[in-house]
Structures are given as C-alpha cells and as structure tokens.
Amino acid sequence: MAPSFDHLREEDLDEEDFDVDEVDISDLREKYEVQLEQGYDTFVVIDGLPEVTEEQKPKLVKFLLKKLNTVGKTREDLIFMPMGEDGKSLRFAFVEYSSAAEAAAAVRQLDLVALDKKHTLRVNKMTDVDRYGREGRIDDEYTPPKIEPFQEKEHLRSFLADPSGRGRDQFVQYKGETVGVYWNNEKDQPDAVVERQHWTEAFVQWSPLGTYLTSVHAQGVQLWGGPSWSRQRRFPHPFVNLVAFSPDEKYIVTWSNRPISIPDEGHPALSLDDDGKNYVIWDIETSKPIRSFAQLDTPAAVDEHGVKKPQKFPWPAFKWSADSKYVARLNQGSSISVYELPRMNLLDKTAIKIEGVMDFDWAPSTPQRDGVKTYEQLFCFWTPEIGSNPAKVGLMSIPSKQIVRTLNLFSVSDAKLHWQSDAAYLCVKVDRHSKSKKSQATTLEIFRVKEKGVPVEVVDTIKDTVINFAWEPKGDRFVIITTTEPVAATAVPPKTSVSFFCPEKAKGNTVGNFKHLRTLEKKNSNAIFWSPKGRFVVIATIHNQQSSDLDFFDLDFEGEKPESDKDLTANLQLMNTADHYGVTDVEWDPSGRFVASWASSWKQQMENGYHLYDFKGEQLREEPVEKLKQLLWRPRPPTLLTKEEQKTIRKNLREYSRVFEQEDAERINSADVAVVEHRRRVLEEWYAWRAVTEEELAEEREDLGLPADPVADLLKAKTAALSLDEEEKVIEEIMEEVLEETEEIVN
C-alpha cells in the first residue's frame with residue numbers, strides 16, 4: 001500500500017524553499033492521497049445498539065451475530081464493541097466480514113433493520129465513515145439546508161387530453177436519425193407533436209403506461225415526457241443494450257453486455273460495489289440504483305453435430321410480479337431468486353431450490369383463487385425429465401412459497417408457458433416426441449387457476465407442432481398456428497394451419513370445456529396479434545419474402561351462426577384480407593380501433609414504411625418512410641372508470657355513437673376547418689375596420705359642415721333632374737313590318 005502524507009513531519013520540510021504557513025496544499029493532499037480502502041472494505045460500523053455493561057456484552061454480541069450472519073460470515077472475535085470510561089458500551093461496534101461483497105450486502109440489507117422494539121440498526125461501511133466523516137469534512141456548526149423554490153412540474157399524462165377532443169392516440173417513429181411523436185389522424189397525415197434529431201443512439205421505447213419515452217445512449221438511459229418533452233429522469237449506466245420496466249413504472253432494469261467499470265475518480269450514481277456488474281435495478285422516482293447484479297453463466301447449448309452454439313442471455317432476466325412487489329431471477333437448472341421491493345432483499349434470505357428448472361413466469365394479474373382470501377402472487381415453472389423422474393409444471397404462491405399445483409409430464413422435448421391476461425388460465429404448450437424421437441406433436445395443458453383445486457384440462461386433438469399460441473386479452477379464447485414440417489431455418493417457410501378454440505356454453509358464470517372452432521389449412525401465417533380489447537384478431541405473415549398477408553377476423557360476428565357452432569361461445573368471420581409487402585411488425589393501438597403494420601430497415605432495406613388499418617381491415621393510409629426503424633403506439637394507463645360505469649357506457653353506446661358519427665361526417669364533408677376559420681376571421685376584421693373608418697369619416701364631415709351622406713344628396717339631385725328632362729322629351733318610334741316575302745330559284 002502506498003504511504004499517505006500523514007507520516008511527513010513539518011521539521012523535514014525545507015523552509016528555504018517555501019513557507020508552510022503560507023502554502024495551502026489541502027487540494028493536493030485530497031487529490032493525491034491514497035484512499036485507505038484496501039483492507040478496510042470488509043469492515044462495517046454498526047450504530048444504534050443498546051447500552052450494555054461488560055457482563056452483558058457477550059450476550060448482546062451473540063444476539064447481534066445471528067443477524068450479521070444472515071448476509072455473510074463473521075465471528076465473535078471479529079466484532080469489536082468499544083466501552084466507555086464508565087464501563088458501559090458506546091452503542092456502536094466494528095464488524096469484519098470475510099469479503100467486501102458481504103460487507104456491502106450487510107449495508108444494503110441490515111441498515112434500518114429493527115434489532116428490537118426500541119433499537120434500529122444503522123450500518124455503514126468503514127471506508128464511508130472515513131471518507132465522509134474525516135476531520136474538516138463536517139462543519140461543527142449547523143447550517144440549515146437551502147430549500148429550493150417550488151417549481152411546478154409538467155403533467156406527465158397530459159397526452160390523455162387530446163386537444164382535438166377526438167380521443168386520438170399517439171405513436172413514435174424512429175426514422176433515419178430523427179425521432180418524432182405524432183397524433184394519429186386516421187386517413188389524414190398525422191400531426192407532429194415533437195420531432196428531434198439524434199434523440200437516441202440505439203432505439204426508443206415507451207414505458208408500460210405511456211408516461212415516459214426512453215432513449216438509449218452510450219452514457220446511459222434517459223426518460224422524456226410532459227407537454228414540452230423535457231428530460232424527466234437519467235440513469236447513467238454506460239453502454240446499455242436493453243431496458244425493461246416494472247408494470248407500475250416504479251422501477252427500471254438496465255443491462256449491458258459490458259461489465260460496469262468504475263473509474264478512479266468515481267461515478268455520479270454507481271459505486272465500487274457495482275464494478276463488474278451487468279444489470280442495475282433503479283428507482284425511477286429518485287433515479288438512484290437499488291441493486292446491481294453480475295451476468296449468470298448459462299449452460300452452453302450444443303447443436304446436433306456437437307458444436308457449441310453462441311451463448312444466449314435470456315431477456316428479461318428479471319421478471320416482475322403483477323403488483324411490482326417482487327422481482328425474480330432464474331438460475332437455470334438450480335433455483336429461482338425472488339427479491340422483495342423496494343429493499344431488494346432476498347425473500348426469506350434464500351433462493352427457491354428447484355432442481356432442473358428451465359423457465360418460469362409470473363401471473364400478469366393478481367389472482368383471486370377460489371377459497372383463498374390471503375394476499376398472494378403466483379408464478380409458474382417447469383422442469384425437464386431428469387433420469388427416471390418425469391417433467392413437471394408447478395404453480396407456486398408467493399410469499400408463502402407454497403406449491404399450489406403440480407403436473408407430471410412424459411416424453412417432453414420442450415415446454416412454453418402462456419398466461420391469460422387476467423391470470424384466469426395458464427396454458428402450458430408441451431412439445432412431445434415419440435419413442436423413436438423422429439416425430440413430434442403438441443398438447444395444450446390448460447390450468448384453470450381461479451377454480452377450486454386448479455383443475456387441468458388437456459387439449460390433445462393437435463397432431464402437429466404448435467409454433468405460435470396467443471390468448472385473447474381479457475377473454476377465454478385462443479388461436480394457435482401449427483405445421484407438419486420440422487421447425488427449422490429453411491429457404492422456403494413451411495406451410496402452416498391456423499386453428500381457433502373457444503369454450504362451450506355453460507350455465508351461470510362457469511366456463512365450459514375448450515373446443516375446436518375452426519382450422520384454416522395451407523396458410524403461410526406465422527404471427528398472431530389480438531386486439532387489446534379482445535374479439536378481433538389479425539393473423540399475419542411476417543419476415544417472409546414470398547407472402548405478406550394480413551387476415552382480420554371477428555370472433556363475435558353478429559351475423560348468422562352455423563348450426564355446428566350453436567353450443568360454442570364464438571362466431572368466426574373473416575372480415576378482410578390485406579397485403580403489405582415486406583411487413584416485419586404489426587401492432588394494435590391501445591384503443592383497439594387501429595392496426596399499424598410496418599417494414600423496418602433494421603430487418604430489411606427495401607420498401608420501408610407503414611400501413612394503417614381500422615379494426616375491420618380497411619386500409620386508411622399508406623405512407624412510405626425512408627429508413628423507418630421503429631413505429632410504436634403510446635400505451636395508455638388503465639381506465640379510472642368503475643365496472644358499473646363501464647357497463648352504463650356500453651349500454652348507452654348507440655347514443656354516443658350517433659354523436660361521434662355526426663362529428664366524423666361533419667369533419668369529412670366540410671372543407672378544411674383551418675382555412676374556413678381563417679377566412680371568417682379575415683372577413684370579420686374587414687367589417688370591423690370598415691365600421692371604425694365610417695364612424696371617423698362621419699365625424700370629420702360633421703366638423704367641416706358637410707352633409708353626412710353626400711352620395712345620397714347627389715343621387716337625389718340627379719334623380720330630380722332626370723324627371724324634368726323626361727317631361728319635355730318627345731319620343732318617336734319607327735316601326736317596320738314585312739308584309740310578304742317571295743323566294744325565286746333561277747337555273
């Protein structure tokens with residue numbers, strides 16, 4: 001360790017060179033003095049302890065040791081508790097851990113933890129006490145903090161009040177080097193809200209409720225919002241690659257494939273504890289990091305020839321519960337770590353051991369299981385076949401960690417977990433192989449989560465491999481896409497089939513068994529896009545040079561229902577078919593009224609641009625956009641209306657529709673509103689100027705003794721003169737009359 005300046009003596013200095021009393025070297029001392037962190041970064045200082053005597057001290061140390069060992073390893077002889085001259089403790093202690101990481105964990109997890117009813121622990125690093133509490137760095141006299149004047153903040157959800165009164169939605173476009181936010185105007189050109197050059201260096205992303213627009217830079221992540229689109233938050237995580245929000249927008253996760261490197265001069269937000277980490281979880285309100293994590297080593301994948309595939313990092317690595325009170329991380333093959341917010345401490349101080357666990361997913365909504373009145377969040381997981389043990393799917397309740405349902409599966413190649421948006425159902429798509437492993441088929445295991453005992457219904461009528469599955473939002477119907485050909489990267493995409501499923505009609509509020517509704521054969525479709533309001537669905541073919549169809553379906557068609565579907569809760573109708581060459585992405589707007597499809601230059605260089613359709617599939621607008629990278633609808637927060645108010649609106653929807661239809665007709669049939677208003681305003685200004693001018697002219701004529709209306713006097717005089725002339729005039733008329741007319745033809 002390099003020496004500090006403390007060993008230098010004033011008598012060793014050469015007074016002929018400079019005078020010690022006149023030269024202030026405090027700035028140089030602070031700049032070049034070596035920070036004594038090596039050797040001390042494993043120490044913490046614990047304050048807030050009870051005052052004890054020498055006889056009571058061992059008992060307190062043993063009691064304290066139980067809490068200290070929950071976050072690391074230490075011993076009684078590594079705890080030093082100073083005693084005062086009166087023989088009583090000074091109410092603090094020094095503790096040494098086995099590593100700096102354990103000391104950091106103690107600061108993070110034990111600070112502000114209650115020791116008993118009267119004492120709360122305060123835990124700090126030894127190096128922090130030295131750094132911030134050194135002599136001269138704290139004023140002896142109290143100085144009241146400076147209170148900044150109140151500045152009213154912008155309304156971050158002002159976009160919900162559309163100035164046109166038409167309830168339009170916004171979308172963001174990233175094209176070339178320009179990012180713009182626009183109002184959707186259906187068939188007309190969109191209205192620009194804001195456009196900026198070089199707004200982002202990588203991509204843009206909306207927060208889940210539409211409050212913030214995220215931009216990504218080499219220095220970190222920034223959040224923008226409000227009417228002026230000012231910067232609201234900044235998270236300085238260098239070289240960020242991906243960003244994910246918690247459902248309620250309280251927290252944000254940033255990930256970089258480059259480990260964090262803290263420079264010698266420090267970092268504006270991160271500390272030495274974050275050095276070498278890849279993930280950082282931030283509190284959005286304070287813009288401060290809560291906790292950071294290093295990258296986990298995932299098992300190396302090997303192809304059929306025994307060659308290792310490039311390592312993949314699953315995203316999102318941290319998954320949130322529906323209410324954002326928990327966040328969990330998968331350690332593939334061994335465990336799931338569940339952390340409690342906002343302290344980010346491990347639930348019950350231990351990970352959930354699940355041998356062989358391959359994947360897990362939280363329920364997207366807080367479930368209300370039959371007979372369960374206590375608070376809980378659910379997540380599902382699956383494990384493969386290990387030895388003679390079957391594959392398994394499980395439902396676990398948090399925070400109790402109780403497994404509420406398990407299902408054993410055999411001959412499993414792979415499994416995918418699909419939650420319905422209200423957490424009423426969980427579908428486990430199980431790919432099964434034959435004994436020879438040459439053929440493969442799929443079964444759907446549907447957990448009825450809200451029913452007593454969580455029964456499982458099996459849909460095993462599928463003989464092919466399911467390549468896509470999607471639940472109806474807020475509904476109980478689903479669509480699958482299957483293929484009979486092997487699922488692999490081929491020059492010509494395989495032919496697919498699209499199948500629709502819905503429940504049978506049942507008495508009361510119960511939901512019947514799921515039945516097959518219809519299958520469309522010999523398609524090229526590979527993507528399913530449900531309307532966020534349910535009922536309507538777009539079946540599309542994307543990333544395909546040979547086909548680019550978009551089929552718009554209605555599952556509650558009001559026309560005649562086939563006799564075979566009388567007992568089913570759906571009436572399928574193809575409303576329209578569209579074609580968008582080179583389409584790479586499709587997305588519904590949050591209201592479920594419009595669908596946008598676009599071709600991104602990130603995925604192909606030709607025919608970039610977007611198409612806009614209404615929910616029936618009628619194309620409203622087609623706009624080519626050079627170097628279009630992204631087009632994202634702005635999400636909306638959940639409605640504030642109660643269920644009763646929503647029912648009232650649906651009941652009176654026809655009355656509201658008449659008003660809206662009339663407004664739409666007036667807007668479509670009338671001329672440009674802006675031009676008409678401008679002309680009317682100019683005409684009114686002309687009338688006002690003329691009235692003022694005439695009034696001024698009348699006053700001037702009155703002052704000069706002239707008639708108020710000279711034109712009227714002149715006209716009167718001229719009329720009188722004309723009447724005199726008419727009396728003296730004699731009018732002669734010559735009349736010519738043809739009596740006979742003869743025509744003679746001469747040869």
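Which residues form a nonpolar patch on the surface, and how much accessible area do they have together?

**View 1. A nonpolar patch on the surface.** Leu-641, Ile-649, Leu-653, Tyr-656, Val-659 and Phe-660 form the patch, with about 510 Å² of accessible area together. This is a predicted model, where local features need pLDDT of at least 70, side-chain atom pairs count only at pLDDT 80 or more, and totals for chains, interfaces and linings use all residues. Residues are numbered from 1 along each chain as its sequence is written, and side-chain values use heavy atoms, without hydrogens and water. Areas are Shrake-Rupley values with a 1.4 Å probe. Helix α6 (residues 653-669) gives the most to this patch, with 4 residues. Val-659 sits in helix α6.

**View 2. A patch of negative charge on the surface.** Glu-695, Glu-696, Glu-699, Glu-700, Glu-702 and Asp-703 gather here. Helix α7 (residues 673-704) holds Asp-703. Asp-703 counts as exposed (over 50%) because its relative accessibility is 68%.

**View 3. An open sheet of 4 strands.** The order is β2-β3-β1-β4, with antiparallel pairing. β2 (79-80) and β4 (122-125) stand at the edges, each with a single partner strand, so one side of each has no neighbour in the sheet. Strands (DSSP E runs of at least two residues) pair if DSSP finds at least two bridges between them.

**View 4. Antiparallel pairing of β1 and β3.** Strand β1 (residues 43-47) pairs with strand β3 (residues 92-96) over 5 bridges. Asp-47 has Phe-92 in β3 as its bridge partner.

Note on methods:
Patch = residues over 30% accessible without salt bridge, like charges linked within 9 Å, V, L, I, M, F, W, Y side chains within 5 Å. Salt bridge = Lys/Arg side-chain N within 4 Å of Asp/Glu carboxyl O. Lys, Arg positive; Asp, Glu negative; His and termini not counted. Charge placed at Lys NZ, Arg CZ, Asp CG, Glu CD. Buried < 20%, exposed > 50% of the residue type's maximum accessible area, 1.4 Å probe, protein only.
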